[in-house]
Each structure stands twice: as structure tokens, then as C-alpha cells.
Amino acid sequence: MANSDTHEKPHAIFIPYPLQGHVNPSVHLAIKLASRGFTITFINTHSIHHKLLNTSEAQPNTDHHDIFSSVRDSGLDIRYTTISDGLPLEFDRSLNHDQFMAALLHVFSAHVEEAVGKIVSSEQPRACCLIADTFFVWPSTIAKKFGLCYVSFWTEPTLVFTLYYHLHLLRINGHYGCHETREDTIDYIPGVQALEPRNMMSYLQDTDTSTVCHQINEKAFQDARGADFVLCNTVEELESETTSALQAKMPFYTIGPIFPSGFTKSNVATSLWSESDCTQWLNNKPHGSVLYVSFGSYAHVSKRVLIEIANGLLLSNVDFVWVLRPDIVSSDDADPLPVGFREEVGDRAMIVPWCCQTIGINLNNRRLITKEEVSENINHLMSGKLGDENRKAISQVRNTLENALTPNGSSERNLDQFIKDLKARIPWRYGIIPAQQK
């Protein structure tokens, strides 16, 4: 595509969900699309922007007003703006989780609509599509109002998408939204092999489905049915059957994993917490011997559960890196570990507030968690023949991820196909409508 004529460039407005695991891949997808000739206007919330700036001191090239300044200097057309999520900047969104989610559900869309309206009416080239996180409840409505194609961006595996997409089947069959949900095998979701209810996402196992998060999940997937395209941060080879079943119902493209080019460190600030470097400590441990423990950027646990996990790690005798966010229990409890725990584990452990994230396992099946169960599951994962098989499987998955991103890899081909299909779908055709009429 020629970059000399800006009117030939597709212009996408990109809005990530304001949580760490959504901002990160959204930033890198925006860069990837811009490198393929897109103009991108990226919209963060004021709160996310503020957190990114607070942790970007290690990146001296970061502009305090524009996180994309360094990549724009390389020639990419990525514009940046921020809007309110409906809450004051100083509001503790972690401590007051439900109020934060309620603001995203009921208030945020008004700020988005105002910002999108301004961009559509004033920016050149004219915006042609809205790329928004699937968990938002409003994108199809706003896209339709401004004549934009709606591209839904799903940051998780296809399996998770299809379970949410088929909530109606789970409800009809008594596996979701019932006072007493069934515990037998789920074998009726298109493209999904037999699944035990205990292995579904925690939200789908809850008996109380009236919470604000359940409302968001249900409304978001109703809205996603109106998407013109869905981009998924997964790899075709890992979820081929599930992906094929969805593709029979909607334009669904697997384009993951969405990382910086070459799996290198990002030039753009994407972390909401300062990242710790574990490399030196890890280099002093035998290869494949260290357990990684993390609850991601979103989940919280009770202090009782955290103490059981800590004591289970102690019992297991394995070396481990534990990413322990300062707000994992509460923003009011900065160090919830048992007294003397750090000293007792000594050099067996590296406990950090944040670092790069990876994959994990289920430590228990929603029963009351105990230190004995935690220790048993850890040793089951790490030791003996099964431990060797797990390491081999992880290595194979890594190879699959890397291959998908080679020039002729499945994810690169799928992204190219999406771009081709989008250009055929957008309201104006390149070179057909004179610039002054756009």
C-alpha cells in the first residue's frame, strides 16, 4: 500500500480495556497495524495513562504526553489521546473494583462517544473502523452511529471466547446461571471437546450471576455478535477445531501471540507496575527447575488463601519466582505474607511486585484451598516423568508460537487476510472517492 497518499491509509480508532492484560496486546497490535500502513488513533483512559507514565522511568525516550512518540519517530502514524473512565484519577480502582466496573459499564461509553465523534469529524484520513476490546458493551452501537466497521479484539484464547459466546447454551442446559448448576460433563458447545464444569472460567462457575462483572460479560458478548470482524490473540494451530467452529458463524481471525517484534522488550510503555528483572537470579538455577507463580494483573485473593499458598510453596521445596502485586489482597495490605516467610524460603525464592507474565495451572478446584493441596499440585507439575512431559510440551508450544509469527506463519497470513477483508468492507474504497469528498 502506498504511504504517500494519506487518503489511501485505513484509519482505525483503537480502544483497549483499561486493564494490564488488555492494554499490553492492544499497544502491540496497534504498532503491528501501523507498520502495515494503518493510521491508528489510540485512546487510553486518563488512569491507565497516569500509571504508564509512573512506570516508564526506565524508558527514557517515553514522552510524558504520548507513549507512542518513539515509534512515531520511526515513521509509524500512531496518534494518541486519553479520556476519562468516569472516575477521578485518584480513585482506587483496585480497592473499589465493583465501582470501577460499574463506571465502565454505565459511564465510560459517553466519554468514548464524544472522543470518537471528534476524531471522525476532524481527523484525516477519515476513520474507517473502530477496534475495541470485546469486553466493552457498547462498540457495535458507537461504530454504527459513526458509520465505522467494528473490529472486536479478543485478548484471550478462542476457547474462552466460545464459552462466553455460547452462554445461552450453558444456561439452557443448566451449567450456568442456575441456583444449583449441573456438574456433569459439558459436551454440546460447537468445536469444544468434552469439558468439565470445574475447568471453565470462574465467572461461569458462579451461582450468583447478578454481579456487575457478570452483567458486563453477558452484555459484551451480546454486543460482540454485531462485530464485523473479530481478532483473537491466539494461534490457529493450538485451537484449530474451536476456531473453525467459530469461523462458521463470524469473521474470526487468529493473529497471536501479539508481542513486540522478535519477542524483544517493548519501546512503548505498556506495564502498569514497575517490572523486576529476574534474569540474574534465574541464571543461577538449573534449567527448567523454577516454578513461576502469579495471579496476573486483575485477580485478588483473601489473606487466608494467600497464606495457604505461601505455606504450600514452602512445603513443596521447589525454587520459585512469585509475582506478588502490592494490591493482591488489598491496597491497604502491602505485605500480606506470613511473618518470617521471606527469611524461611531464602534463596529458594524471588518475590517481586511485577514482571512479565506467562502460563499457569489450576492449583485447586474451587474447594477450600490448603497448603497440602498446593504443595502436592506443585510437585505433581514439576517432578518426575510428568514434569519432564510438561517441560517438553511447553517447548513445543513455544515453537508453535514462534512459527506462527514467521513471514509465512499462520498468524501473519491471518492478519494480512483480515486487512484485505477490512479494506473490501469499509464504507469508502481506496482511490474511488475523491479526497475532497471524504
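**Reading cores, a pocket and backbone features**

Trainee: How many residues does the largest nonpolar core have, and which of them have the most contacts inside it?

Mentor: The largest nonpolar core has 57 residues, and I13, I15 and W138 have the most contacts inside it. Helix α5 gives the most to this core, with six residues. A second, separate core has 48 residues, F68, L76, C278 and F418 among them. A nonpolar core here is a set of buried Ala, Val, Leu, Ile, Met, Phe, Trp, Tyr and Cys residues joined through side-chain atoms within 4.5 Å. Buried means under 20% relative accessible area, exposed over 50%, and partly exposed in between, with a 1.4 Å probe and protein chains only.

Trainee: What should I know about the model before going on?

Mentor: The model is predicted: local features need pLDDT of at least 70, side-chain atom pairs count only at pLDDT 80 or more, and totals for chains, interfaces and linings use all residues. Residues are numbered from 1 along each chain as its sequence is written, and side-chain values use heavy atoms, with hydrogens and water left out.

Trainee: Which residues does I15 touch?

Mentor: Leaving out residues up to four places away in sequence, I15 touches I43, F108, V112, V116, L130, I131, A132, D133, F136 and W138. Note that I15 and W138 are both among the residues with the most contacts in the largest core.

Trainee: Which residues of a helix such as α4 are buried, and what covers them?

Mentor: An α-helix has 3.6 residues a turn, so residues three or four places apart point the same way. In α4 (97-106), the buried residues are H97, F100, M101, A103, L104 and L105. Their cover includes α5 (108-122) and α10 (212-224).

Trainee: What volume does the second largest pocket have, and which residues are closest to its centre?

Mentor: Rolling a probe the size of a water molecule over the atoms shows where empty space is left. On a 1 Å grid over the protein atoms alone, a pocket is an open set of points where a 1.4 Å probe fits, with protein on both sides within 12 Å along at least five of seven lines; lining residues have an atom within 4 Å of a point. The second largest pocket has a volume of about 520 Å³. Its lining has 26 residues, and K51, R93, S94, W273 and D327 are the closest to its centre. The elements giving two or more residues to the lining are α2 (46-54) and α4, and α2 gives the most, with five.

Trainee: How does that lining divide by residue type?

Mentor: The lining of the second largest pocket has eleven nonpolar, ten polar and five charged residues. Asp, Glu, Lys and Arg count as charged, Ala, Val, Leu, Ile, Met, Phe, Trp, Tyr, Cys and Pro as nonpolar, and the others, Gly among them, as polar.

Trainee: Where are cis peptide bonds found?

Mentor: One joins Q124 and P125, with omega about -5 degrees; P125 lies in the loop between α5 and β4 (127-133). Another joins G256 and P257, again with omega about -5 degrees, and P257 is in the loop between β7 (252-254) and α12 (279-283).

Trainee: What span should α13 have, and what follows just after the helix?

Mentor: The expected span is 1.5 Å times one less than the number of residues. The 14 residues of α13 should span 20 Å, and the end C-alpha atoms are 20 Å apart, which agrees. The buried residues of α13 include V305, L306, I309 and L313, and they pack against β8 (290-294), β9, α14 (341-345) and α15 (371-382). Just after α13, N317 takes a positive phi of about 65 degrees. N317 sits in the loop between α13 (303-316) and β9 (319-323) and is exposed, at 59% relative accessible area.

Trainee: Is S411 buried or exposed, and what does the residue contact?

Mentor: S411, in helix α17 (410-425), is buried at 1% relative accessibility. Beyond neighbours within four places in sequence, S411 is in contact with T234, V235, T254, I255, G256, A404 and L405.

How values were computed
Helix = DSSP H or I, 4+ residues; strand = E, 2+ residues; numbered from the N terminus. Contact = heavy atoms within 4.5 Å. Points joined across faces, edges and corners; volume = space filled by probe spheres on them.
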